[in-house]
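This report describes a single protein chain, going through its sheets, its charged pairs and its pocket in turn. The sequence and the structure come first.

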Amino acid sequence: CAVCCSPDERDDRLRPSVRLEIGGLTVVIDAGPDFRRQMLRAAVSHLDAVLLTHHHADHIFGLDDLRAFNFRQKQAIPIYAREPVLADLRTTFRYVFDNPHPGLPEFDLRPVTGPFSLPLPTGGSLTITPIDVFHGRMPVTGYRIGPFAYLTDTNRLPEPAFEALVGIDTLVLDALHQRPHPTHFSLEEAVAVARRIGARQTFFTHMSHHMGRHAEVNPTLPGGMSLAHDGLTFTLPLSTC
């Protein structure tokens, strides 16, 4: 496969996740099976919270590795998600909840029922707004944080989601590959949705190797739209968050 054998580091695609650092606060959205490798590679030494979009394995199976942050910080790590996702965590990680003891990860499960705030170490708070979208028939939670929004694993945005995204600056949006898919946007569909949302910059994520090589696909995208890649960073003014 030209993508899997590519020497371009942008074609080495681990499971999708994003780390946000705002006012001394470090938050991660989703923790898939590559979570440990991703945290080590990015030299993340402190974690304040994890936000989950849904319960699929490629988004939660790294949560056991939160134990490293439990040991360092000597506290449970808050995990925010819709209640059905938290219920799935109680089943998937039953060993954590049925017989807690030293050495196991410690999860502080916090249900998301609407916008919520996290205190910033530098003062004030950060407001996080959940956005309900669909992954096939399954509800999935996207998140808006000030001028930034993260929507992975989706192939349909209801009208309230579009309304919640008005005025954003930077969008991360699902785009699995070139062909239609029953539960993910294709690249063509994602481009159309991104145009409607109208963010200044859109990055496409959750790409399989069937998307093609970054160097070949990225130049074909409209202005203000790019394929994301592992290690990508960008900055938003704190005053707008």
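Is D132 buried, partly exposed or exposed? D132 is partly exposed, with a relative accessible area of 38%, where buried means under 20%, exposed means over 50% and partly exposed lies in between, for a 1.4 Å probe and protein chains only.

## Basis of the model

The model is a predicted one, in which local features need pLDDT of at least 70 and side-chain atom pairs count only at pLDDT 80 or more, while totals for chains, interfaces and linings use all residues. Residues are numbered from 1 along each chain as its sequence is written, and side-chain values use heavy atoms, with hydrogens and water left out.

## The five-stranded sheet

Five strands form an open sheet of mixed pairing in the order β1-β2-β3-β4-β5; helices (H or I, at least four residues) and strands (E, at least two) are DSSP runs numbered from the N terminus, and two strands pair if DSSP finds at least two bridges between them. The edges are taken by β1 (18-22) and β5 (107-111), each of which has a single partner strand, so one side of each is left without a neighbour in the sheet. On average, neighbouring strands here are turned by 25 degrees against each other, direction ignored; axes are lines fitted to C-alpha atoms, for helices over the stretch in contact, and angles run from 0 to 180 degrees between N-to-C directions.

Within this sheet, β3 (residues 49-51) and β4 (residues 77-81) pair in the parallel sense over two bridges, and L51 has Y80 of β4 as its bridge partner. Helix α4 (residues 83-92) lies across β4 and β5 and runs at about 155 degrees to β5, contact being defined by heavy atoms within 4.5 Å.

## The seven-stranded sheet

A second open sheet, also described as mixed in pairing, has seven strands in the order β6-β7-β8-β9-β10-β11-β12. Its edge strands are β6 (116-119) and β12 (225-227), each with a single partner strand, so one side of each is left without a neighbour in the sheet. The pairing of β7 with β8 (residues 138-145) is antiparallel and extends over seven bridges, with P139 in β8 as the bridge partner of F134.

## Salt bridges

The count of salt bridges comes to 14, a salt bridge being a side-chain nitrogen of Lys or Arg within 4 Å of a carboxyl oxygen of Asp or Glu. One of them joins R82 and D132, at 3.0 Å from N to O, and this pair links distant parts of the chain, since R82 lies in the loop between β4 and α4 and D132 in strand β7 (residues 125-135), 50 residues apart. Salt bridges that share partners also join D11, R13 and R213 into one network.

D12 forms a salt bridge with R37, the closest N and O atoms being 3.4 Å apart. D12 lies in the segment before β1 and R37 in helix α1 (residues 35-41), so the pair ties together parts that are 25 residues apart in sequence. D12 is partly exposed at 38% relative accessible area, and R37 is partly exposed at 44%. E21 pairs with R19, their closest N and O atoms being 3.5 Å apart; E21 counts as exposed at 55% relative accessibility, whereas R19 counts as partly exposed at 33%.

## The largest pocket

The lining of the largest pocket consists of 40 residues, of which S17, V18, R19, G231 and L232 lie nearest its centre. Here a pocket is, on a 1 Å grid over the protein atoms alone, an open set of points where a 1.4 Å probe fits, with protein on both sides within 12 Å along at least five of seven lines, and lining residues have an atom within 4 Å of a point. At least two lining residues each come from β1, α1, β9 (148-151) and β11 (201-205), and β1 supplies the largest share, five residues.
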